[in-house]
Amino acid sequence: MTTLALPATPATTRVGDVDNRAAYVGFGLAYLLGHGATAVSQGDDPLFALPGWLPPALLVAGLAAGTVFSTLAATRAQRGADQRTALVGKLLGLSWITGFAALFLAITGLTAISGAAELPAVLWPTGSGLVVGLLYIAEGVARRNLVHYTLGSWLALISTTALIVGKPGLFWILAIAGGGAYAIALVLERRRLAHLR
């Protein structure tokens with residue numbers, strides 16, 4: 001029986017350089033299992049009848065794990081950093097709070113104006129992917145990390161494209177294209193870190 005082992009921190013990386021591997025595992029599983037469980041259990045003829053609590057629980061568990069690993073990796077990367085590098089890291093961290101606060105306000109406002117109670121169920125998964133994608137792009141630029149930048153670009157594009165499809169198709173797109181992108185990014189991140197050593 002194989003177990004999922006979280007990647008170890010590389011022996012040496014540049015100060016301020018973040019090892020995203022563990023975060024990619026958590027977020028990738030959130031996309032694959034959380035959005036995947038929603039995809040297979042919704043629609044006119046769902047593939048499986050899952051309890052309503054299961055898909056959100058899988059999504060939240062993966063997102064929580066990814067967030068913890070991401071925070072730990074960013075904190076580790078700031079050890080020994082000069083003031084400028086440390087400030088960049090702190091501002092990027094605060095950008096996540098701003099981005100999701102703005103998303104909350106936008107979804108709340110759009111739902112109130114439209115009167116469409118089902119709107120949050122579509123806008124939260126796609127809007128979150130857009131915000132995460134844009135933040136990854138910013139982090140990729142600030143840290144000169146092409147893998148992170150490319151992953152962010154992909155997440156932003158597929159999340160907004162998924163809006164066109166509607167439910168349950170948008171969850172299939174997020175699960176396969178989003179979860180798959182995190183898996184590819186994990187492999188590329190290993191190579192990037194090996195090159196830095």
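Start at R144, in the loop between α4 and α5; helices here are DSSP runs of H or I of at least four residues, numbered from the N terminus. Before you go on, note that this is a predicted model, where local features need pLDDT of at least 70, side-chain atom pairs count only at pLDDT 80 or more, and totals for chains, interfaces and linings use all residues. Residues are numbered from 1 along each chain as its sequence is written, and side-chain values use heavy atoms, with hydrogens and water left out.

**The loops**

Is R144 buried or exposed? R144 is exposed, at 74% relative accessible area (exposed is over 50%, buried is under 20%, partly exposed is in between, with a 1.4 Å probe and protein chains only). Check its backbone too: phi is positive, about 55 degrees, although R144 is not a glycine.

Now hop to P168, in the loop between α5 and α6. The peptide bond joining K167 and P168 is cis, with omega about -5 degrees. For background, most residues other than glycine have a negative phi, and most peptide bonds are trans.

**Helix α5**

Select α5, residues 146-165. Its 20 residues reach 29 Å from first C-alpha to last, close to the 28 Å expected at 1.5 Å a residue (the expected span is 1.5 Å times one less than the number of residues). Colour V147, H148, L151, G152, L155, A156, I158, S159 and A162: these are buried. The buried residues of α5 pack against α1, α4 and α6.

**The cores**

Next, show the largest nonpolar core, which has 20 residues. Such a core is a set of buried Ala, Val, Leu, Ile, Met, Phe, Trp, Tyr and Cys residues joined through side-chain atoms within 4.5 Å. Y24, Y136, L151, L155, L170 and Y182 have the most contacts inside this core. Two or more residues each come from α1, α4, α5 and α6, and α6 gives the largest share, seven residues.

Zoom in on Y24. Which residues does Y24 touch, leaving aside its neighbours within four places in sequence? They are V147, H148, L151, Y182, A185, L186 and E189, where contact means heavy atoms within 4.5 Å.

A second, separate core has five residues, including L103, I107, L123 and L135.

**α1 against α2**

Show α1 (residues 21-41) and α2 (residues 54-77): their axes come within 7 Å and cross at roughly 170 degrees. Axes are lines fitted to C-alpha atoms, for helices over the stretch in contact, and angles run from 0 to 180 degrees between N-to-C directions. That makes α1 roughly antiparallel to α2 (over 145 degrees; under 35 is roughly parallel, 65 to 115 roughly perpendicular and the rest oblique). Residues to pick in this contact include F27 and L33 of α1 and L58 and F69 of α2.

**Last stop: D17**

Finish in the segment before α1, at D17. At 5% relative accessibility, D17 counts as buried. Leaving aside its neighbours within four places in sequence, D17 is in contact with A77, R143, R192, L193 and L196. Draw a C-alpha to C-alpha distance to A74 as well: D17 and A74 are 57 residues apart in sequence and 8.0 Å apart in space.
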